[in-house]
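Biologist: Please show me the sequence and the model, and then let us go through them in turn.

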Amino acid sequence: MSSGTTPASPYPLRAWWAQRPPAAGAAVMATGILSVGLHLTGHEVLSRIALVLACAAWLTLAANFVYLLLVERAQWVTRAGTPGALTAVAATTVLGTRFSLLDWAPVAAALLALAALLWPGLLFLVVQHWGRRMPGAVFLGCVATEGLAVLGATLAAATSTPWLAHASLVPFWLGIVLYLIALFRFDLRQVARGSGDHWVAGGALAISALAGAKLLAAGTGMYLWNADDQAVLHDVTVFLLVLDLAWYAVLLAAEIAWPRFRYDVRRWSTVFPLGMTAAATLSVAAAVDLPWLDAPGQALLWVAVAAWLAVAAGAVFQARAGMRSAGTDAGPAALRSTARR
């Protein structure tokens, strides 16, 4: 006889994990880009700790991705149509970039191939569901695309592979086009009301600037671009960073004017732009020879680290509460199951 309620799972961890949205991949993106930024500033031990955490989270999310694809296809298709699904591509490229900086070229190349394989299908499914007045996650199309450019250019420089640098120009320019399209679909009211992913409006520009810096750095080592092309790439990269910093100022002012202290998983999509802006500032400083940008870049990095710690603490408290709730509900469910037998 049914009690009229939905039985709870006898496995609290599994029940809690099943509720994780696709956008949880932003946690990998945030942790991975902090690892990159810490590496750029010489904090190698902290960088590698962040890399280990990012890899562990990536492997967990990848296992869940494969499980849903093979066992619960309908749920996978539903999730794949949401903008957050593109965090799978972006997170993979961020990790690949860090591995490339470690000179682990085979691992970076494998992650680039995986991201390139996932990108067109997921982007197609997500774009089909784009509408009007969307949250900041609409910019993830740009982020995932520019992630391919960042990883491709970084790997090209590390392995002296000219064709890969030239190929990376395609997602670089395409990402900018996707940003402009997303901008017209973004609900500007999210700046005051958003739960965290509204920061991707700036983060998408940050990763675009980082991609430009990586392409400039690759060209310097292999003489890939002629003077005209280098000038255009240089100017566009600097312009993207300026726009990103402008967004940063606007979004920070909005956080002060309309405080939103309650934890939300979408807050990882706040940490990622903070870290990406720091990494982009440091990388552009090196690529266009503007050493005075190093100090602001380092300051922005520690802001991102502080934000990561705050959001991680919120995630831990929410996870404990969620599993405790699932475990409490599981007791009556198990007793009902035993009574029916």
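**Questions on the model**

Biologist: Which residues does G212 touch, not counting residues up to four places away in sequence?

Modeller: This is a predicted model, in which local features need pLDDT of at least 70 and side-chain atom pairs count only at pLDDT 80 or more, while totals for chains, interfaces and linings use all residues. Residues are numbered from 1 along each chain as its sequence is written, and side-chain values use heavy atoms, with hydrogens and water left out. A contact means heavy atoms within 4.5 Å. With residues up to four places away in sequence left out, G212 touches F172, L233 and T237.

Biologist: Is G212 buried or exposed?

Modeller: G212 is found in helix α10, residues 200-222. Buried means under 20% relative accessible area, exposed over 50%, and partly exposed in between, with a 1.4 Å probe and protein chains only. The relative accessible area of G212 is 0%, so it is buried.

Biologist: How many residues apart in sequence are G212 and V236?

Modeller: In space the two are 7.6 Å apart, C-alpha to C-alpha. In sequence, the separation of G212 and V236 is 24 residues.

Biologist: How many helices and strands are in the protein chain?

Modeller: Helices (H or I, at least four residues) and strands (E, at least two) are DSSP runs, numbered from the N terminus. Read along the sequence, the pattern is α-α-α-α-α-α-α-α-α-α-α-α-α. The count is 13 helices and 0 strands.

Biologist: What percentage of contacts between residues at least 6 apart in sequence join residues at least 24 apart?

Modeller: The protein chain has 341 residues, of which 51% count as buried. Among its contacts between residues at least 6 apart, the share that joins residues at least 24 apart is 83%.

Biologist: Which residues touch the most other members of the largest nonpolar core?

Modeller: A nonpolar core is a set of buried Ala, Val, Leu, Ile, Met, Phe, Trp, Tyr and Cys residues joined through side-chain atoms within 4.5 Å. The largest one has 107 residues, and those touching the most other members are F139, V143, W268 and F272.

Biologist: Where do the buried residues of α4 lie around its axis?

Modeller: In helix α4 (residues 73-80), W76, R79 and A80 are buried. Taking the directions from the helix axis to the C-beta atoms, the buried residues fall within an arc of 100°, so they line one face of the helix.

Biologist: What kind of aromatic pair do F99 and W104 form?

Modeller: Rings of Phe, Tyr and Trp (its six-membered ring) pair if their centres lie within 6.5 Å; planes under 30 degrees apart count as stacked, over 60 as edge-to-face and the rest as tilted. The whole structure has 8 such pairs. For F99 and W104 the centres are 5.4 Å apart and the planes at 20°, so the pair is stacked.

Biologist: What kind of pair do F172 and W173 form?

Modeller: F172 is buried, at 0% relative accessible area, whereas W173 is partly exposed, at 36%. Their rings are 4.9 Å centre to centre with 70° between the planes, and the pair is edge-to-face.

Biologist: What is phi of D103, about?

Modeller: Most residues other than glycine have a negative phi. D103 lies in the loop between α5 (87-101) and α6 (105-128), and is exposed at 63% relative accessible area. Although D103 is not a glycine, its phi is positive, at about 70°.

Biologist: How many disulfides are there?

Modeller: A disulfide is a pair of cysteine sulfur atoms within 2.5 Å. Among the residues that count as buried are C55, at 19% relative accessibility, and C142, at 1%. The number of disulfides is 0.

Biologist: What is the mean pLDDT of the protein chain?

Modeller: pLDDT is the predictor's confidence in each residue, from 0 to 100. It stays under 50 over residues 1-9 and over residues 333-341. In the protein chain, 87% of residues reach 70 or more, and the mean is 87.
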